Amino acid sequence: MGITYRKIGKWMVMLVLLWISCEKTEGSHVVHMRLQETDSNVTLAVTSPALKAAYHFRPPNNWINDPNGPLYYKGYYHLFYQYNPKDAVWGNIVWAHSVSKDLINWIALKPAIEPSKPFDQYGCWSGSATILLDGTPAILYTGIIAKNDTDPNNILWTQVQNVAYPKNLSDPFLEEWDKPDYNPVIPIGPGVNGTAFRDPTTAWYSPEDKHWRVVVGSKWDLKGQALLYRSKDFKKWVKASHTLHATRGTGMWECPDFYPVSVKGLLGLDTSVKGKGVKHVLKVSLDLDRYEYYTIGTYDITRDRYTPDGTSKDNKHGLRYDYGNFYASKTFYDPEKKRRILWGWANETDTVPEDKNKRWAGVQLIPRTVWLDPSGKQLLQWPVEELNSLRGKQVSVTSKKVKPGDHLEVGGIQTAQADVEVTFDVSSLSNAEPFDPKYMYDAQAFCKIKGADVKGGVGPFGLYVLATADLQEKTAVFFRVFKSEDKHVVLMCNDPTQSTLAPSLAENKYKPTFAGYVDVDLTKSSSISLKTLLDHSVVESFGAGGKTVISSRVYPTLAQGDNARLFIFNNGAVDIKVTKLDAWELKKPLMNIGA
Ligand code: DQQ
């Protein structure tokens, strides 16, 4: 056992063991089966402080995972998150707390919720905030309790749902939180799996029957479930006799999120809005493969059920907010700017020993405004407009032909911490490679064999980012166009296979190629855009105005700081044109200094 285990006390050890054995670990897509074990032989090659994210949300050090209970109150945005105050691996989890005026500059406060009471003694796990009818914020979160802790080798863990309220409503920082002694407000009940019962959503209110409703993630065998509870007073909750929704074969639904979107326009809606001109979104985080998917559908208040429209798959082949490293996401309604904002967590993809050595692990991706695409078939996402306040020195390229085999460097600014927006014009589609339908639901596998260096017809074309001048290190973000029987298929990829020379990662570690399809018709408009946010070890890319989003973590050893270069490339067989490229250096915001 690693040294950390000895330090953290027997109950925490048991909890960690339980987490590892029953629920997999917290690595988004990485299953670290020996979570806190240190392998002293590993080469610690990616520990450079220069790789630490500068403008993505993070505490100064240690482990973070899920964003929790985002809310807006008296002029401040609040973000809580799962945080280990003692180490850069999952464990000792508390609800850390930060506030911001603009979602970009953050002030760290003391943790809001920590294990302390019988109803959360062994863990304060994820949850959500609800603004009650009188304006009071309430947090519902999962508490871990032991049904029987007399024998540490045979503990029965159970998850329950608790409520917490601010102690001082006139404090805009909401620093102090009270956990009433009447908790848990939703104990484990008959027919509920006690180790698969967590992550309550924001509650919604129905004036028709004067009840609040909330969903808790669960599973029964392999059927993922959104368990539905109702309450008149936010204190006594009664389980509905049916689920809000459930899907066979999807496993545990972690961090469900259920919210309305307007059929038209960009404006967000309060979580309780329903009726005409409104669709609903149900997102779940699949513990089985550590990816998320969502459906768009109809919430029938009379039957109290959600039914997906059927325009996308209601399983792991469904739509994703982000086809990369993104998990445990959560939205909230921002009443100040009338928008719905999405937070999501990106874990590291280096090794646990490397995380322990560098002493930080995990970031929250840039909060994104989310709204319904005019087609009604998917959501669109874009970084919150406040991010633009970090823009500094800018370079632009206009109307530039990129010939097959070209790698054109975009110089003049540093691009390790930058925002790049480019629009490509693809006028000739006749060379598009044939589409192999077996990859219809596995863009990631397709991109693995059709990586950035594999020559194509129309593309691959896009950006090499965090690259060395000689391109021996580079991460490629690109498009590639195929022709299926009836239409052109656009694949968007993030290829990190040459992102690092670090031996521990280069040899055998996790460097997945991420990919998704982009729902555009290039025969109607030959133009396709890409926006990529670069933050040292974060590459967050938005294709076609936010239709397809891919985030990844990479650890260049040479392409750091001023040595990180940006290129436009085309490895296809036909010319591509860059209609316009703008790239900005991004400044460092205030980021939880002093936490
Ligand atoms: N992380 C939390 C759980 C949640 C999981 C524990 C998802 O509440 O299910 O840290 O990453």
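## Aromatic pairs

The structure holds 35 aromatic pairs, a pair being two rings of Phe, Tyr or Trp (its six-membered ring) whose centres lie within 6.5 Å; planes under 30 degrees apart count as stacked, over 60 as edge-to-face and the rest as tilted. One of them joins tryptophan 90 and tryptophan 125 edge-to-face, with 5.7 Å from centre to centre and 75 degrees between the planes. Tryptophan 90 belongs to the loop between β2 (76–84) and β3 (94–100) and tryptophan 125 to strand β5, so the pair ties together parts that are 35 residues apart in sequence. Strands (E, at least two residues) are DSSP runs, numbered from the N terminus.

A stacked pair is formed by tyrosine 464 and phenylalanine 569, at 4.1 Å centre to centre and 5 degrees between the planes. This pair links distant parts of the chain, since tyrosine 464 is in strand β29 (residues 458–467) and phenylalanine 569 in strand β36 (residues 565–570), 105 residues apart. Tyrosine 464 counts as buried because its relative accessibility is 1%, and phenylalanine 569 is buried at 0%. Elsewhere, ring pairs connect Phe57, Tyr81, Tyr83, Trp106 and Trp343 into a cluster.

## Basis of the model

This is a predicted model, in which local features need pLDDT of at least 70 and side-chain atom pairs count only at pLDDT 80 or more, while totals for chains, interfaces and linings use all residues. Residues are numbered from 1 along each chain as its sequence is written, and side-chain values use heavy atoms, leaving out hydrogens and water.

## Charges over rings

A charge sits over a ring if NZ of Lys or CZ of Arg is within 6 Å of the ring centre and within 35 degrees of the ring normal. Lysine 101 lies over the face of tyrosine 76, 4.4 Å from the ring centre. The charged end of arginine 320 is placed over the ring of tyrosine 291, at 4.1 Å from its centre.

## The ligand

The ligand is surrounded by 14 residues, each with a heavy atom within 4 Å of it. The closest are Asp66, Gln82, Trp90, Arg198 and Asp199. At least two residues of this shell come from each of β1 (62–73), β5 (124–131) and β19 (327–334).

A nitrogen atom of the ligand is 2.8 Å from a side-chain N or O atom of aspartate 66. An oxygen atom of the ligand is 2.8 Å from an N or O atom in the side chain of arginine 198.

Terms used
A polar contact is a pair of N or O atoms within 3.5 Å; within protein, one must be able to donate a hydrogen and the other to accept it, and residues adjacent in sequence count only if both atoms are side-chain atoms. Helices (H or I, at least four residues) and strands (E, at least two) are DSSP runs, numbered from the N terminus. Buried means under 20% relative accessible area, exposed over 50%, partly exposed in between (1.4 Å probe, protein chains only).
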